[in-house]
Amino acid sequence: MMKKVTIFMLSLAMTAAMLSGCSSSNDSSSSSTAETTTAAETTVADETTETTETTEAAEETSQEETVDEEENYDTGDASLDNIRNQDEIGEQELLVLSFGTSYNDSRRLTVGAIENDLEKAFPDFSVRRGFTSNIIIDHVNKRDNVLIDDVDAAMNRAVDNGVKTLVVQPTHLMHGLEYDELVKEVGNYADAFDQVVFGEPLLSSDDDFAKVEKAITEWTAEYDDGKTAICFMGHGTEADSNEIYQKMQDLLTKDGYANYFVGTVEATPSLEDVLAKVQAGDYERVVLEPLMVVAGDHANNDMAGDEDGSWKKTFEDAGYQVECLVRGLGENEAIRQIYVEHAQAAIDSLAKD
């Protein structure tokens, strides 16, 4: 009998209205694909969505898209990072799935920190890692001789170790194509486990938005002096889930954070949109920070780079003093706690199945 991959939805109605995501056509045979449902047995939207959402794989985790094979910069010591691909897992596994990053320090301080917090919160589960970007996996392996599991390797490791209960917690920013693809990909292995359940991405409910708002405003409170525009850079997508950036902007504005601005690298609000808003105010300084889980290629180059077109260079050319905070959301303890809460909700749903 086919088992179900369960997704515990914190706010299904809000997700459907504001953060509509799409499944891909990444199918194997229908006989091996598990039925995807919410904890209330509501099916995840399948393959009837726009082809423009195929760009969401990078946006979904808002980390990095490309890897420079001729790196001329130091990304940190890869040996300090626990890649969590150990065997002897036991019967209960918490698999943390991320897009990935080749920036070693950022990987340890963000994805690694999320994994550490999950391990502390759930000592009865063995925490393991999987990355969805094989480009990043191959690059890190070639450069640092460190091999991180991709999703298939992580799933096969769980099967080979006799895991019975599998909890999957993605570090995605939002619902979207890659999240749904992961549900389907994991579903292909569902028959090997007694129970499989998915946790929600970071921004899944109004409560999540409020918590993220509190986290990022408290994190940047020292810069909130009335003369500084605090600008967050997300990835962006042409898909409907891009609405989360405007939703966060609207929430900040409503709550009185008039000097906080949210933009994206590849969609709207654009850099030009954010610049126009800043120029409409009486600001002397601009602080830039990624609205991304890790501080990878986008944060270091598109945001903080010195080349024409970067956010830093654009604001400097406009006459502002610019400070870049090159840190991923995963470095923030309050942000990590949201992932812990989502994993807890998923684990709590196991008893209901």
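Lys-247 sits over the face of Phe-209, 4.9 Å from the ring centre. A charge counts as over a ring if NZ of Lys or CZ of Arg is within 6 Å of the ring centre and within 35 degrees of the ring normal. Arg-327 likewise lies over the face of Trp-219, at 3.7 Å from the ring centre. The model is a predicted one, in which local features need pLDDT of at least 70 and side-chain atom pairs count only at pLDDT 80 or more, while totals for chains, interfaces and linings use all residues. Residues are numbered from 1 along each chain as its sequence is written, and side-chain values use heavy atoms, with hydrogens and water left out.

Tyr-257 is partly exposed, with 26% relative accessibility, whereas Tyr-260 is buried at 1%. Here buried means under 20% relative accessible area, exposed means over 50%, and partly exposed is in between (1.4 Å probe, protein chains only). Together with Phe-232, Tyr-257 and Tyr-260 make up one aromatic cluster.

Phe-261 and Tyr-283 form another edge-to-face pair, with 6.1 Å from centre to centre and 85 degrees between the planes. Phe-261 belongs to strand 8 (residues 260-264), and Tyr-283 to the loop between helix 10 (271-279) and strand 9 (285-290), so this pair ties together parts that are 22 residues apart in sequence. Helices (H or I, at least four residues) and strands (E, at least two) are DSSP runs, numbered from the N terminus. Both Phe-261 and Tyr-283 are buried.

What about the cysteines? A search of the whole structure turns up zero disulfides, a disulfide being a pair of cysteine sulfur atoms within 2.5 Å. Cys-231 is buried, at 1% relative accessible area, and Cys-324 is partly exposed, at 23%.

On to the helices. Helix 4 (residues 111-121) packs against helix 13 (residues 333-350) at an angle of about 45 degrees, with the axes 9 Å apart. That makes helix 4 oblique to helix 13. Axes are lines fitted to C-alpha atoms, for helices over the stretch in contact, and angles run from 0 to 180 degrees between N-to-C directions. Helix 6 (residues 151-160) includes Asn-156, which is partly exposed at 36% relative accessibility. The C-alpha atoms of Asn-156 and Tyr-189 are 8.3 Å apart, although 33 residues separate them along the chain. Ala-153 is in helix 6 too, and its C-alpha atom is 9.2 Å from that of Asn-85, 68 residues away along the chain.

Finally, the backbone. Most residues other than glycine have a negative phi, and most peptide bonds are trans. The bond from Thr-268 to Pro-269, though, is cis, with omega near -5 degrees, and Pro-269 is found in the loop between strand 8 and helix 10. Glu-88 has a positive phi, near 50 degrees; Glu-88 is in the loop between helix 2 (56-61) and strand 3 (92-98) and is exposed, at 77% relative accessibility. Asn-145 also has a positive phi, near 60 degrees. The place of Asn-145 is the loop between helix 5 (134-144) and helix 6, and Asn-145 is exposed at 68%.

Methods:
Phe/Tyr/Trp six-rings, centres within 6.5 Å; stacked < 30°, edge-to-face > 60°. Parallel < 35°, antiparallel > 145°, perpendicular 65-115°, else oblique.
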